[in-house]
Amino acid sequence: MGDALRYAVRPMQVEDVPQANEIDRECFPTQWPPPSYKRELLFGSLSHYLVAWDTEQPAPPPENPAGRSRPSLFWERIRYLLGMERKEPQSPGQRIVGLIGLWIMADKAHFTTIGVRGAYRRQGIGELLLIAAIGLALRRNASVVTLEMRRSNLAAQALYEKYGFSRIGVRKGYYSDDGEDAVVMSTERITSASFQSQLQRLKKAHAQRWGSAQLQID
Ligand SMILES: CC(C)(COP(=O)(O)OP(=O)(O)OC[C@H]1O[C@@H](n2cnc3c(N)ncnc32)[C@H](O)[C@@H]1OP(=O)(O)O)[C@@H](O)C(=O)NCCC(=O)NCCS
């Protein structure tokens with residue numbers, strides 16, 4: 001097993017939203033507006049977001065370093081509904097380098113997004129986020145995971161294929177910005193013996209190659 005990995009995974013917090021928006025802009029420049037991470041975190045009972053953060057690099061200081069302590073979820077929701085949300089939430093002081101989003105409905109999980117900052121790609125972070133998100137789907141009793149992505153996105157397709165996703169269809173002209181087709185992918189049952197043994201093998205190989213990581217999924 002390698003040394004400890006420099007990157008760790010945890011659930012996204014409201015304070016991460018400015019950095020999540022930066023990652024979104026960098027990863028999906030033509031898809032505007034970005035998802036409202038804040039609304040999803042405050043009200044989206046089906047949606048879950050995980051972030052990968054760099055344990056060796058602190059985030060840039062918030063614009064208002066005298067920031068107040070974090071309000072409760074109740075007050076965050078009220079403020080949001082009244083349009084009184086804080087413009088610059090206080091950063092938890094961690095550099096967020098990637099994120100993954102999923103919806104879990106009954107026994108189905110659907111990955112809605114994955115993105116890694118350009119300067120941090122090809123270091124196993126996408127894979128780490130995927131391992132964590134599959135772990136979360138299993139923890140919440142999902143039995144299959146689906147997703148869709150641009151037909152031209154070969155990096156993401158390679159990542160998902162490595163983890164046993166296969167193509168189950170194409171949605172013609174799915175992306176409204178340029179009419180590109182979406183490729184739809186799905187796992188087999190994620191609780192099956194074959195998926196589980198492949199997942200364990202991939203997790204072990206990831207840890208040997210990149211180091212063992214701290215994964216906090218909920
Ligand atoms: C797709 C993305 C998340 C991958 O993140 P990453 O941290 O660079 O990926 P990893 O280093 O963990 O790579 C894991 C696997 O993904 C595949 N992969 C990643 N980047 C690839 C590339 N540029 N070309 C081909 N395969 C690639 C490989 O199978 C790789 O395994 P390997 O190292 O054994 O070859 C990243 O490229 C990204 O943020 N892209 C922009 C956003 C995006 O397109 N998201 C997908 C929308 S569905």
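**Around the ligand**

Tutor: In this predicted model, the largest share of the shell around the ligand comes from α5, which gives six residues.

Student: Which elements give two or more residues to that shell?

Tutor: Those elements are β4 (108-116), α4 (125-139) and α5 (154-162).

Student: And which residues come nearest to the ligand?

Tutor: Of the 19 residues around the ligand, the nearest are R121, G126, E127, A155 and L159. Sorted by class, the shell holds ten nonpolar, five polar and four charged residues.

Student: OK, stepping back to the whole chain, how many helices and strands are there?

Tutor: The chain has six helices and seven strands, and along the sequence they follow the pattern β-α-α-β-α-β-β-α-β-α-β-β-α.

Student: How much of it is buried?

Tutor: Of the 218 residues, 27% count as buried. As for contacts between residues at least 6 apart in sequence, 75% of them join residues at least 24 apart.

Student: Let's go inside, then. Which residues have the most contacts within the largest nonpolar core?

Tutor: That core has 44 residues, and those with the most contacts inside it are L50, L129 and A133. The element that gives the most to this core is α4, with ten residues.

Student: What does L129 touch, if I ignore its sequence neighbours?

Tutor: Leaving out residues within four places in sequence, L129 is in contact with V9, L50, A52, G98, I100 and I114.

Student: What about L128, is that one buried or exposed?

Tutor: L128, which sits in helix α4, counts as buried because it has 26 C-beta neighbours inside 10 Å, where 20 or more are needed. Its contacts, not counting residues up to four places away in sequence, are Y7, V9, A52, H206 and A213.

Student: How far apart are L128 and G179?

Tutor: Their C-alpha atoms are 31 Å apart in space, and in sequence L128 and G179 are 51 residues apart.

Student: Switching to α1, which of its residues are buried?

Tutor: In helix α1, which covers residues 17-27, the buried residues are V17, Q19, A20 and I23. Seen down the helix axis, these buried residues of α1 fall within an arc of 160°, so they line one face of the helix.

Student: What do they pack against?

Tutor: The buried residues of α1 pack against α2 (37-43), β3 (95-105) and β4.

Student: Now some backbone geometry. What is the phi of R122, and where is that residue?

Tutor: R122 has a positive phi of about 60° although it is not a glycine, and it lies in the loop between β4 and α4. R122 counts as exposed because it has 8 C-beta neighbours inside 10 Å, and the exposed class takes in residues with 12 or fewer.

Student: And what is the phi of N141?

Tutor: N141 has a positive phi of about 65°, and it is not a glycine either. N141 is found in the loop between α4 and β5 (144-150), and it is exposed, since 11 other C-beta atoms lie within 10 Å.

Student: Which loop holds P58, and what does P58 touch?

Tutor: P58 is in the loop between β2 (47-54) and α3 (73-81), and, not counting residues up to four places away in sequence, it touches G93, Q94 and R95. With 12 C-beta neighbours inside 10 Å, P58 counts as exposed. P58 and G44 are 14 residues apart in sequence, while their C-alpha atoms are 28 Å apart in space.

Student: Last one: where is K172, and how far is it from A182?

Tutor: K172 is found in the loop between β6 (166-171) and β7 (182-186), and it is exposed, with 9 other C-beta atoms within 10 Å. K172 and A182 are ten residues apart along the chain, and their C-alpha atoms are separated by 6.6 Å.

Terms used. Residues numbered from 1 in each chain as written. Predicted model: local features only at pLDDT ≥ 70, side-chain atom pairs only at ≥ 80, totals over all residues. Helix = DSSP H or I, 4+ residues; strand = E, 2+ residues; numbered from the N terminus. Contact = placed C-beta atoms within 7 Å. Near = placed C-beta within 6 Å. Nonpolar A, V, L, I, M, F, W, Y, C, P; charged D, E, K, R; others polar. Core = buried A, V, L, I, M, F, W, Y, C linked by C-beta atoms within 7 Å. Arc of directions from axis to C-beta.
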